[in-house]
Amino acid sequence: MNYPRLVLKSGRDRSARNRHPWIYSGAVKERPAKVGDGAIVAVCDNEGEVLGLGHYAPQSTLICRMFSFGKEESEVNAAYWEAKLGKALAYRNQLLDLSATTGYRLVHAEGDSLPGVVIDIYGDAASVQLRTVGTAHLTAAIQGFLQKELGVQHMYLRTETKEEGEGTWVLGQEQERSFQENGLSFYVDIATGQKTGFFLDQRDNRALLKSMSKGRSVLNAFSYSGAFSVYAIAGGAVSVDSVDISAAAAELATRNMELNFGPTPSHQGIKADAFKFLQEMEKDAYDLIVLDPPAFTKHISTVQKAARGYKEINLKAMQKIASGGLLFTYSCSQHISSDLFRKIVFGAASDAGREVRIVHQMSQAPDHPISIYHPEGEYLKGLVLHVD
Ligand code: SAH
């Protein structure tokens, strides 16, 4: 197939040669003629050598997102996309136990060489995000694959034309359902829940917490679904408090607890501002604290402010946690690197004046892979700290 050419300026082909999928408009010498938003284009160097294929977005400074590298594919059709999805599924089959975990991310954008595409599976329901005009053309191919290979009967679609978070059911329709994660059960509401319904990226970190929570008094701050709380009880924690500023979230935590264990008097879902809660709680009340706040910054310009937010909650937790306590602390802000996060946590430890050791360093679960060529895909970072 001869796709329209997008030619890069001399010396601006390095990043595409290094398989970085983003082409910025400033690097482009010649735009393809007569093709519109969402078209497939062949990215070429100044000499005309084809470096790969991508979706064109002429209005954006991120003018092209590449989904393949090297010589031109013969034809990019439904079978091509299905093969890519098949590869994504094979990877999950390899790395996850899909008999105990029915909620997982099937496609993680650049991490699966599908920029703009995020697909989460919850049993026979799928949440699909197609964030560019080019990827919106894949709707039918994706739907076909999900029905055929995974028996999906409900598909909720969010596209770039809708407001953030808003979408439509293109197949079936469902309100709330439950799914399994490491053998534990959780409710998810794909259409109205936060993110695409559930924070799947923390799966392995929750399993780690389960293995370390026996006999502990746990505070789960910024708890949303209470998933960390459920794992804590499953791991033998003596008590767990789930704190979230949203009343619906605090209630969801309690419902998830009951879904797994029936009435659970050792758990409390508390609607409160976690900053205030950490400030006012008694010292030594908890010997395991989880801090999993929302991204305090979505933009590079507010990194400083976000850093202060992270420092504040970590400082309070370190001042109050019982001796021998474990602090599970996270940042999911893309603009806070793991180095910076560690520095922030260092600052908090130093101000708290406690002996703090790093027990584990954490990242996102393997169904949220990071292409080595696209380090921007790394967003979740966490530390398990031992505080004496
Ligand atoms: N740990 C959760 C995900 C947390 S998402 C899980 O594993 O599923 C972040 C949560 O923080 C959201 O539910 C949001 O309602 C809550 N939140 C935001 N600001 C808050 C604040 N100031 N105090 C308490 N909760 C807050």
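Analyst: Let's start with a strand pair: S7 and strand S8 (residues 117-122) run antiparallel and share 5 bridges. Strands here are DSSP runs of E with at least two residues, helices are runs of H or I with at least four, and both are numbered from the N terminus. This is a predicted model, where local features need pLDDT of at least 70, side-chain atom pairs count only at pLDDT 80 or more, and totals for chains, interfaces and linings use all residues. Residues are numbered from 1 along each chain as its sequence is written, and side-chain values use heavy atoms, leaving out hydrogens and water.

User: What holds strands together, and what is the order of strands in this open sheet?

Analyst: Strands of a sheet pair through backbone hydrogen bonds, either parallel or antiparallel. Two strands pair if DSSP finds at least two bridges between them. The open sheet has 5 strands in the order S7-S8-S9-S10-S11, and its pairing is mixed. Strand S7 (103-108) and strand S11 (168-171) are the edges, each pairing on one side only.

User: How many residues does helix H9 have, and how far does it reach?

Analyst: The expected span is 1.5 Å times one less than the number of residues. H9 (residues 303-320) has 18 residues and reaches 26 Å from first to last C-alpha, close to the 26 Å expected.

User: Which residues of H9 are buried?

Analyst: Buried means under 20% relative accessible area, with exposed over 50% and partly exposed in between (1.4 Å probe, protein chains only). In H9 the buried residues include Val303, Tyr310, Ile313 and Met318.
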